[in-house]
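Trainee: I would like to go through this protein with you. Can we take it in questions and answers?

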Amino acid sequence: MTFNVIIIVTLILQINCYPSFKIGSTNLKIWNDRDRLTWKDFQGKPIDSVKTIYGKAGSAHSALSLKVIFCDHLSNYRVQCYFDRNLSWVSGKGLGSELLLRHEQLHFDIYELYARKLRKGLDSLISAGSNNSRIEEEFIHNSSLLKEYSFRYDKETRHGVSPTNQEKWNLRVEKELKELEQYSTTEKNFFCTK
């Protein structure tokens with residue numbers, strides 16, 4: 001069985017509070033280690049051109065984002081990893097496939113891993129008194145590493161159809177998340193009222 005997975009990477013850096021990003025929005029699922037993805041989370045409409053290219057093989061699309069919001073001053077920030085239900089979809093034989101769902105979940109976990117790496121980097125930069133441009137560089141560098149890591153994950157697992165390699169990646173990401181557990185908090189002194 002072959003599945004094709006499409007991931008659109010969205011990375012956003014906001015220097016001011018971003019009011020349209022509402023945490024309680026029902027279309028956004030904030031990463032949580034106890035609340036795993038289900039096929040019900042994939043509520044978007046499949047893109048016809050993608051269905052045509054991949055045919056009946058089945059495909060899934062996860063709209064994943066890292067968002068950084070700074071408020072008032074640099075030491076007051078929020079880094080969040082979220083899944084957009086309205087922009088994520090599954091088609092063909094992909095629907096109902098536990099293998100594909102586990103693969104998509106690990107993409108979500110990888111985004112959280114890089115959110116933690118970014119939080120760690122921001123803490124170090126802010127402690128060192130770095131300026132905005134250095135913080136932007138850190139964000140861009142982290143985004144580049146995330147893209148490379150996700151690409152390697154898809155390549156090595158063959159988009160989730162290699163169960164042995166998928167399990168290796170599951171263990172690898174789980175280990176890395178535990179190593180960065182102290183950076184699992186999404187907010188640092190966040191009290192913005194805008």
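Mentor: Two notes on the ground rules. This is a predicted model, where local features need pLDDT of at least 70, side-chain atom pairs count only at pLDDT 80 or more, and totals for chains, interfaces and linings use all residues. Residues are numbered from 1 along each chain as its sequence is written, and side-chain values use heavy atoms, with hydrogens and water left out.

Trainee: In what order do the elements of the protein chain run from the N terminus on?

Mentor: Helices (H or I, at least four residues) and strands (E, at least two) are DSSP runs, numbered from the N terminus. The protein chain has 4 helices and 6 strands. From the N terminus on, the order is β-β-α-β-β-β-α-α-α-β.

Trainee: What percentage of the residues in the protein chain is buried?

Mentor: Buried means under 20% relative accessible area, exposed means over 50%, and partly exposed is in between (1.4 Å probe, protein chains only). The protein chain has 194 residues, and the buried share is 50%.

Trainee: Are helix 2 and helix 3 roughly parallel or roughly antiparallel?

Mentor: Axes are lines fitted to C-alpha atoms, for helices over the stretch in contact, and angles run from 0 to 180 degrees between N-to-C directions. Helix 2 and helix 3 pack at about 155°, with their axes 10 Å apart. Angles under 35 degrees count as roughly parallel, over 145 as roughly antiparallel, 65 to 115 as roughly perpendicular and the rest as oblique. Therefore helix 2 and helix 3 are roughly antiparallel.

Trainee: And helix 2 with helix 4: roughly parallel or roughly antiparallel?

Mentor: Here the packing angle is about 25°, and the axes of helix 2 and helix 4 are 10 Å apart. Contact means heavy atoms within 4.5 Å. Residues that make the contact include Leu106, Ile110 and Leu113 of helix 2 and Trp169, Val173 and Leu177 of helix 4. The angle makes helix 2 and helix 4 roughly parallel.

Trainee: Which residues does glutamine 105 touch, not counting residues up to four places away in sequence?

Mentor: Glutamine 105 is found in helix 2. Its relative accessibility is 7%, so glutamine 105 counts as buried. With residues up to four places away left out, glutamine 105 touches Trp31, Arg36 and Leu37.

Trainee: Is arginine 158 buried or exposed?

Mentor: Arginine 158 is found in the loop between helix 3 and helix 4. Its phi is positive, about 50°, although arginine 158 is not a glycine. With a relative accessible area of 53%, arginine 158 is exposed.

Trainee: What is the phi of histidine 159?

Mentor: Histidine 159 also lies in the loop between helix 3 and helix 4. At 26% relative accessibility, histidine 159 counts as partly exposed. Its phi is positive in a residue other than glycine, near 55°.

Trainee: What distance separates the C-alpha atoms of proline 46 and serine 88?

Mentor: Proline 46 lies in the loop between strand 2 (28-30) and helix 1 (48-54). At 19% relative accessibility, proline 46 counts as buried. Proline 46 and serine 88 are 42 residues apart along the chain, and their C-alpha atoms are separated by 8.1 Å.
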